[in-house]
Amino acid sequence: MLLAAAGVIWSPKLSGAVAQATGGLTPVTVLVDVRGVPVADPTALIQAAQEEGKVAIVIRNQPHGSVAIKQVLPLQRRLVAVQPNGSVVTALDPNQAILGSLDARFVLQGQGRKSAGGVVFGNQTIKIGAPVEIEGEQFRVGGTVSGLQVGGG
């Protein structure tokens, strides 16, 4: 009976509810970069995601729940070429528009807390470089955390 009581008290959902009730949670902004996903119309997908306003996020194969989308920024790939004289020239990749691949940065806003091991977001510690999946009504893509900000910023 004691083990059952301890399990209820230390359950992730209950500890999250307690943290929220006591003010232990603060706004967390998570930047997720999605690169090279084949999409027929990347611009339409970005617009649909922004209109939807939220996505479900999966961290280390553990569903976190729904988080708000602050914005979705299209990313442009660049080509780099070294010239015979040693100079470096860069240009936008023209194949990105022709082949229809999604390169975007999703700016997500949720609730979390700072801990000794990093940022706890959805009862999972999340750090820059962590793989995550985000899912909307029309898409499910894998990405990488590229930035974190704890607090109102």
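## Salt bridges in the model

Asp103 has a relative accessibility of 4% and therefore counts as buried, where buried means under 20% relative accessible area, exposed means over 50%, and partly exposed lies in between (1.4 Å probe, protein chains only). The model is a predicted one, in which local features need pLDDT of at least 70 and side-chain atom pairs count only at pLDDT 80 or more, whereas totals for chains, interfaces and linings use all residues. Residues are numbered from 1 along each chain as its sequence is written, and side-chain values use heavy atoms, with hydrogens and water left out.

A salt bridge is a side-chain nitrogen of Lys or Arg within 4 Å of a carboxyl oxygen of Asp or Glu, and by this rule the count comes to four salt bridges. The table gives some of them.

| Salt bridge | N to O distance |
|---|---|
| Asp33 and Arg105 | 2.7 Å |
| Asp103 and Arg77 | 2.7 Å |
| Glu133 and Arg140 | 2.5 Å |

Salt bridges that share partners join Glu133, Glu135 and Arg140 into one network, and Glu133 counts as partly exposed at 28% relative accessibility.

Asp103 forms its salt bridge with Arg77. Asp103 lies in strand S6 and Arg77 in the loop between strand S3 (62–74) and strand S4 (78–82), so the pair ties together parts that are 26 residues apart in sequence; strands (E, at least two residues) are DSSP runs, numbered from the N terminus. Arg77, at 29% relative accessibility, counts as partly exposed.

Asp33 counts as buried at 12% relative accessibility, while Arg105 counts as partly exposed at 25%.

How values were computed: Helix = DSSP H or I, 4+ residues; strand = E, 2+ residues; numbered from the N terminus.
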